[in-house]
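Good morning, everyone. Please look at the screen, and I'll take you through a few spots one at a time.

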Amino acid sequence: MSGYVPATYPHRWLPEQVELKTWDQIEPWYRKLMDEPITSAHDLERWMITAGELNAAVGEEGVKRYIAMTCQTDDPAREAAYLEYVREIEPKLKPILNAIRARYLDAPERTQLPGERFAVLDRALENRRALFREANIPRETQLAELEQQYQKIMGAMTVTFRSQERTLVQMAPFLEETDRSLRQEAWELAAERRLRDRDVLDDLFDRMKELRIAVAHEAGFANFVEYAFKNRERFDYGIDDSIRFHNAVEQVVVPLMRKIQEEHKSALGLEALRPWDGAVDPLGRPPLHPFQDVEQLAAGTKTIFDDVDAELGAQFAFLRQEKLLDLANRKGKAPGGYQTTLEDERLPFIFMNAVGLDADVRTLLHEGGHAFHTLACRGEPLAAYRESPLEFCEVASMTMELLGARRLDPFYGAKDASRSNRKLLEGIVLILPWIATVDAFQHWLYTHPTHTRDERRTAWKDLLERFGGIVDWSGYEEERDHSWHRQLHIFLYPFYYIEYGIAQLGALQIWQRSLSNRGAAVADYKKALALGGSRPLPELFAAAGIRFDFGNEQIASLMTTIRTELNKLSP
Ligand SMILES: [Zn+2]
């Protein structure tokens, strides 16, 4: 079977069995680190590696407590242990990490380090320091509180449906029901509930906007857009590139999206596609049911990865064997799915809530891609380079969804495999315009800093017209005009969303290449993953054999391939 025996990374500076569970245990090690002498470029490089080793060991304590808590949220001891890390350890780490950064940046020996090797690290650390303003700390604290309020307001929304109180997350599955009047009822209830808080959410956003603009001005920027690009470490693309992405999506993706929606509408036999018609199967079939239990899910996924590449399959087998997967949904488990890294051992961990749905297969393929990324750059000595920019992390994961979808026979017969594959490809076409809408809206919000609520509403409406589909909102204009309130990124992570679009363009290119030369596509994918975060984004893309390009031609070529592949699939 596997033959995959991963390397181990013993500590070089810390004792192997060190306890780092409390601040009293942690702090002396940081003091010792700061006292280490540095007299040569070699010392400085070693010192950065040592700092990474200590940070990883401390960080792993936090990661382990997070995993433990999410695996069983109803255990108060686990929650207390995690919160203790967040409240007692994390805040004390921040000034120390600043001090480590300053010592590195100010070390005269730094000029003798090989520039090419350290360029990506240096630009990130210099940028962090350049953005830092003491005066912004209270503003950031206020922002964090407002962000938490958003979460609280959204989390508190419930409706009573079929005589049961349900959260809006719990309402989503009803939109897949084939009974149309039931879907409408469920959709209306949730939409009305959201609308009830529209003024609170608008107020909240206005306050966030003012604070963000103040943070940007304090840091010397003319507007928040420019600040946000630097704060998100967008060194390799600029505001113009985002605008180019919007235009390309409008011209070459929106027409295909509208065509797909037209097909759904006629398959459903409808006069008009209404807001509650988007999630149902167009042929009125019941949901796919790919597996009975998570053993079957893991075994089937292993077969798919084996087929993509023998080494990736062996790595996945290793994750199963080492119990680095927690896949089954059960009472008390936190919702959602994630891949995280046990930084000290340099091993991935996958968490999800599988219940037997098509989406579960896709989620495990996706998180598997993240895990391969973690494993691919384990050998990198500089901790900072074992992490990649988000725009490329999601290439690693989305590529596995696409390559995996070509061989779904462990879960489906030919017809169902086709249906699952179609859902994936259509889903990509439908999401890209939404990403452009959300991103373009934020550009508008912060380049019109003194806008009124009415102007904001009009701007959103215009963007929905520009990037939107054929959905008929008549009678629900109020709901439509406030539909941005649901997009948590606008409130919590400003400008963080286009990353998914950029990554999707990368994953689609690898998939496109794999259709004619799968061996080369997979080999280059693995080569690029192994670079971690050591190179700028365009070089990571180039190593994967793809282009870092958001232009019309590039996106049009991808849409043509999607259209061709969709035509080969049964409905
Ligand atoms: Zn992901």
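Let's start with H264. H264 sits in helix α10. One thing to keep in mind throughout: this is a predicted model. Is H264 buried or exposed? Its relative accessibility is 16%, so H264 counts as buried, since the cut-off is under 20%. Which residues does H264 touch, leaving out those up to four places away in sequence? There are two names to find: P282 and E426.

Next stop, G313. Find helix α12, residues 310–321, and you will find G313 in that helix. G313 has a relative accessibility of 0%, so G313 is buried. Set aside the neighbours within four places in sequence, and G313 is in contact with K302, F305 and D306. Now look for M48. M48 is 265 residues from G313 along the chain. The C-alpha atoms of M48 and G313 are separated by 34 Å.

Now to charges. Side chains of opposite charge can pair when their charged atoms come close. How many salt bridges are there here? The count comes to 54 salt bridges.

Take one of them, D277 with R183. The closest N and O atoms of D277 and R183 are 2.7 Å apart. Where do the two partners sit? D277 is in the loop between α10 (239–268) and α11 (294–308). R183 is in helix α7, residues 180–196. So this pair ties together parts that are 94 residues apart in sequence. D277 and R183 are both buried.

Compare that with E478 and R198. They form a salt bridge too, and their closest N and O atoms are 2.5 Å apart. E478 is in helix α17, residues 477–481, and R198 is in helix α8, residues 198–218. This pair links distant parts of the chain, 280 residues apart. What about accessibility? E478 is partly exposed at 27%. R198 is partly exposed as well, at 26%. And there is a network here: salt bridges link R198, R457, E478, R480 and D481.

R285 is partly exposed, with a relative accessible area of 26%. D281 is buried, at 12%.

On to helix packing. Find helix α1, residues 23–35, and helix α2, residues 41–71. Their axes are 11 Å apart, and the helices pack at an angle of about 175°. Are α1 and α2 roughly parallel or roughly antiparallel? An angle over 145 degrees counts as roughly antiparallel, so that is what α1 and α2 are. Which residues make the contact? From α1, we have I26, W29, Y30, L33 and M34. From α2, we have W47, T50, A51, L54, N55 and V58. Sort the contact of α1 with α2 by class, and you get 9 nonpolar residues, 2 polar and no charged ones.

Finally, cysteines. How many disulfides does a search of the whole structure find? The search finds 0. C393 is buried, with a relative accessible area of 16%. C71 is buried as well, at 9% relative accessibility.

That's my tour. Thank you.

Definitions and conventions
Residues are numbered from 1 along each chain as its sequence is written. This is a predicted model: local features need pLDDT of at least 70, side-chain atom pairs count only at pLDDT 80 or more; totals for chains, interfaces and linings use all residues. Side-chain values use heavy atoms; hydrogens and water are left out. A disulfide is a pair of cysteine sulfur atoms within 2.5 Å. Buried means under 20% relative accessible area, exposed over 50%, partly exposed in between (1.4 Å probe, protein chains only). A salt bridge is a side-chain nitrogen of Lys or Arg within 4 Å of a carboxyl oxygen of Asp or Glu. Helices (H or I, at least four residues) and strands (E, at least two) are DSSP runs, numbered from the N terminus. Axes are lines fitted to C-alpha atoms, for helices over the stretch in contact, and angles run from 0 to 180 degrees between N-to-C directions. Angles under 35 degrees count as roughly parallel, over 145 as roughly antiparallel, 65 to 115 as roughly perpendicular and the rest as oblique. Contact means heavy atoms within 4.5 Å. Ala, Val, Leu, Ile, Met, Phe, Trp, Tyr, Cys and Pro count as nonpolar, Asp, Glu, Lys and Arg as charged, and the others, Gly among them, as polar.
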